[in-house]
Amino acid sequence: IISKAINTSETPVKEKHARRIILGTHREKGAYTFWSYAIGLPLSSSAILSWKFCHVLHKVLRDGHTNGNIRDRYGYGQLVAQYAKLLCSKMEFHNKHPEIRANLEASDEVLERTAGTDINNVFQLTVEVFDYMDVELRLAESVLRQLNTSIAISTLTAGQCKLAPLIQVIQDCSHLYHYTVKLLFKLHACLPPDTLQGHRERFHDQFHSLKTFFNKARDMMYFKRLIQIPRLPDSPPNFLRASALAEHVKPMVVIPDEEEPEEQEEDEPEPLIDVSEAPSVDIFDQAFGPPNDGFDDRDLQIESLKREIEALRTELEKIKAEAQRYITQLKSQINSLEAELEEQRVQKQRALVENEQLRMELEATRRRNAEHESIQSTFVEADSKAQATELRYNKLKEKHAELVANHAELLRKSADTVKMLSATQQTQEEVERTKQQLAFEVERAKQESDMKLEEQKFEMDKLRRDLEEKIVEIQRMKGTDQINSSMTSLQVEKERLMRCVSEKEAELSSLRQATQLKQSSLDQERERSSKELHELQSKLKEKQSHEKQLQQRMLEEQFALLQGTVSEAEMIIQDAVAKLDDPLHIRCTSSPDYLVSRAEATMGSIDKVQSGHAHYLKNMGNAGALLRALTQFSHLAADTIINGSATAHMAPTDNADRLTENCRGCATQSLHFLQELKSKDSLKGADPSSIRVMVQKILRIAQDLRPKGMDVGKEELGDMVDKEMAATSAAIEEAVRRIDVSLRTGAASAIRLLVLASTDLQKEIVESGRGAATVREFYARNSRWTEGLISAAKAVGWGATQMVDSADKVVLHTGKYEELIVCSHEIAASTAQLVAASKVKADRGSKKLSSLQQASRHVNEMAANVVASTKTGQEQIEDKDTMDFSGMSLIKLKKEEMESQVKVLELESMLENERLRLGELRKKHYEIAGVPLEQIAQDNGLRAPSPTAPFSPRPSKPALMKKPALAQKPNVPPKTMVNLQRFT
C-alpha cells in the first residue's frame, strides 16, 4: 500500500491508499511500519517521490495516531523544500501546544485555555500562528506559481499531483484564519491599538493572500469535486471596533463523502512493501489487521442507550396518561358533588349571577369602547406625524440630491481646470526645453568661434614670426638678386594671409548675429509663456475659491438638515415621554414579547446611528446616513418607551417601577445625545453608549417578564401546525366513526366542520401574510401565534375524543353523566380558544373567518344540546322516591331534618375541599404550561377566557391525547354555555 501511495508516477495520491495507511497507524498505535518503509525511500533521487512522500506524511500527521514517530525528511526541488519546511513548522507548533490537535479542529474554549490569561502568552501565540500561516501560504503560492508558469493545468495528472496536497493546506488555513481573528480581538481588548499596528498590517497581508489563494483554488476543476472552499468576506475585520467580533463567521471547509471510483485491480492482495523475494503476504494486514467493515462496541452501546431512552419515554407517557385520568376522575367527582347541591340552589343563584354577569359585560363593553376610541385617536395622531415626518424627509432628501449634483458639477469643473493647468505646465516645460537647447547651441557656437579665433591668432603670430625672420634674412642678404625675389614671394604670402584673416572675421561676425537673433526670439517666447502661466494660475485660484465657497455652503446646509432632523427626533421622544404620565395611557397594555422585539430593533438602530455619526465626522459633506439613522432611531426609541410603559401596567410592582424608571432614563439619555448633536462644539463628543445601556436594561426586564414555558424550536413550528391539525382531523374522524347516538353524531360533525374551516382560514392567513418567505419561516416569525394555534387545535381534538369515550361509558353504564357534561364544557372553551387564535391574524372581512365563526356557534349549540339531553336523560333514569312524611311524628321529623342538615354540611365541606384541590391542580397545570399568574387568578375567579388572553406555549412532547392548557368551566353551566355562545 505504501509503495502504491508513494511512487515516481506523476499522479495524485489515491484516497483509499492514504486511508489504509492512516487506519494502520491507529491499529498498531503508532507509525512504526510506515517509518520503517519510509527510511529506505530514495527521496533524493526523484522530486516527485519526495513530493508525494510529503503529501502522505502530511495526512498521517493530521489524521494518523498521535504516537506516530515524527521524523523530518528533506528532498530536492523548490516544492519539496517548501513542503518540508511546512511540516517542520507544523510539528514544532503542535509539540509546543499539544492542546491543539494536529488537524487544528479545536473549540474556542480550547483556544482560550491555550492562550491563557497572560497577555504576553497571547501575544506570543499570535506570532506563532502568523508564522504557521505564512509557511502554509508560501507553499500554496509556490505550487500555483509553478502551475501558472508551466503548461500543466488542474485536469492533467501532472497538475493534480501538485495540487493534491493543497487540500490539507486549505483545511489548515481555514482554522488558522479563525484563530488569528479570535486572538487579535483579544489582544485589542487588552493593548492599545498603536502597539498592535504591525499585527494588523501582517494580518491584512495574510488575509489578501489567503483570499487570492481560495479564489484561484475555487476556480479549478480539480478541487470542485473534492472540497468545498469557503468564501472570505470582502474586507478584513475591523479590530478597532469590538462589536465586529460578532460579525465574524468561521470559515467552514466541507469534504464531500464521495469515494474514488475503484479501479480494476488484481484479485490477490498485494504486499505493503514491494520486494520480489518476500512471500506474497500482506504485511500491512498482518501489522494492522484487516479493515473493520462492521460495527464496533460504541455502536452497540448507542443502540442499547436508544432502546433504554425509548423505554423510559414509554413509561413517562404512561405516567402522564395515568395522571391525566386521575385528574379527569377528580373533576367528575367534583361535578357529581356539585350536581347534588345544584337543584337546591339553582333558582336562588341564577337571577343574581345573571344580573352580575350582565353588569360585568356592560362594563367590559364600555371599557373596550373607550380603549378603542383612545387607540383610534392615537393611531390617527401617529399617522399624521408619520406623514409630516415623511414629507420633511422627502424635502431633505431632495435638498441633499441637489447638493450632491452641485458638488459633482464642481468636481467636473475642478477636473477641467486641472487638465488645463497640466497642459499649461506641459507647454511651459517644452518652452524650457527649447530655451535650454537654444542656449546650448549658442554656447557651442561661441566656443567654436573662440576656438577659430584662437587658431587664427595663432596662425597670424606664426606668420608674423616668419615674416620677421624673413625680414632679418632679407637684411642679411641686401644688395643681391635673391633678396628681391624673396621679398616678392613674401609680399604675395602676406596678401594671402591677410585675405584669410578678413574671411575669418566675416564668418565670426555672421555667427554673432545669428546668436543674437536666437537670444531675442528665446526672450520673447519666455515672456509669452510667463503671461499665459499667470493667467491660468489666476483662473485656478478663482475656481478654487468658488469651490471652497460652495463646499462651505454645502457643509452649512448639511448641518442645517441635521439640525432639522434632530429637532424632529426630539419632538418624537418628548411626545413618547409625555405619554408616560398621560392618564389615558394607563389603560394601554403590551406584551413582553413585543417589547423585546422593539428593544432589539432599537439596539440595531443605535448601532446605525453610531456608524452614521462616525461617517459624518469623516465626511461632513454627506449626512445622509446619519439622517436616516436618526429618523429610524427616534421612532423605534419612542416605540420602545411607550410599549415599555404599557408592559409595566401588567407587570409586578417591582418590575413595573424598574421598567418605568429605565424608560424615563432612556428618554433622558436620548434627548441628551440629540442635544449634543445640535452644537458643532459637542458634535464630535456625542456618544449613544448611554442610550444602549438603558435599552439593554429594558430588554433584560422584558425578557424576565416573558412566560417561562418550554418553547418548541422555531424551525419545528411550521411542521407542528400541520401535524396537529392533521392529528385533530384524524381524531374527530375516528370519533364520528365510533358514535352511534344521533345527537352526538351532530356534535362530532360540527366539530369536524369547525376544524376544516379553521384549516382553510389558517392557509389563507399564511398565504396572505408570508410574502416572499416560506411557510416555515412565516410560522417561525410568528412563533407565539403559532403556539396558540397548536394549543387550540390539540384542545379541540382532545375534547372530541374524550366526549366520545365518556359517551361510550355512559351507554355501557360504566361512566357518569357528569363526565359527558364536563367534556361538553371543555369543547365549548376549546372552540372559543381556536376561534380567538385564528381571528388574531385573519382579515376582518374574510369569508373563511365568517365560516369559522358560524361553525363555532354551531359547535356551541351542539354542546349545549348534549348538556341538556344529558340532564334530561339523567332525570329520567334516576329513581326519585316520593317524599311521604305523613306517618312520621314530630320527633321523627325533627330527627330526619337534623340528619339531612348534617348530610348537607358534609357534602358542602367535601365540595369546598374539592374546589380547593381543583384550584391547586389548575395552578400547577398553568405553572407547567408557562401561563402568567394573572390568568390563573382570572380562571380561579370563574370568568370565561377573553380573546386577548395569551396562548399557552406548546408542551415538550406533543400528543393528541394529552390535555393542553385550556380555559376551565364556569361555576354555573347553563349560563356559561350562553356566555360562550355570545363570545364566539
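Which residues is F213 in contact with, leaving aside its neighbours within four places in sequence?

View 1. F213 is in contact (heavy atoms within 4.5 Å) with A140, L144, L166, V169 and I170, leaving aside its neighbours within four places in sequence. This is a predicted model: local features need pLDDT of at least 70, side-chain atom pairs count only at pLDDT 80 or more, and totals for chains, interfaces and linings use all residues. Residues are numbered from 1 along each chain as its sequence is written, and side-chain values use heavy atoms, without hydrogens and water. Of the 79 residues in the largest nonpolar core, F34, F213 and F223 touch the most other members. A nonpolar core is a set of buried (under 20% relative accessible area, 1.4 Å probe, protein chains only) Ala, Val, Leu, Ile, Met, Phe, Trp, Tyr and Cys residues joined through side-chain atoms within 4.5 Å. Another core, of 46 residues, lies apart from it and includes A576, I606, V695 and I701.

**View 2. T565 in helix α14.** T565 belongs to helix α14 (residues 481-580); helices are DSSP runs of H or I, at least four residues, numbered from the N terminus. T565 is buried, with a relative accessible area of 8%. Leaving aside its neighbours within four places in sequence, T565 is in contact with L396, L627, L630 and T631. Between T565 and S634 the C-alpha to C-alpha distance is 9.7 Å, although the two are 69 residues apart in sequence.

**View 3. Helices α17 and α19.** The axes of α17 (residues 653-678) and α19 (residues 689-705) come within 8 Å and cross at roughly 160°; axes are lines fitted to C-alpha atoms over the stretch in contact, with angles from 0 to 180 degrees between N-to-C directions. Therefore α17 is roughly antiparallel to α19 (an angle over 145 degrees).

Technical notes:
Helices (H or I, at least four residues) and strands (E, at least two) are DSSP runs, numbered from the N terminus. Angles under 35 degrees count as roughly parallel, over 145 as roughly antiparallel, 65 to 115 as roughly perpendicular and the rest as oblique. Buried means under 20% relative accessible area, exposed over 50%, partly exposed in between (1.4 Å probe, protein chains only).
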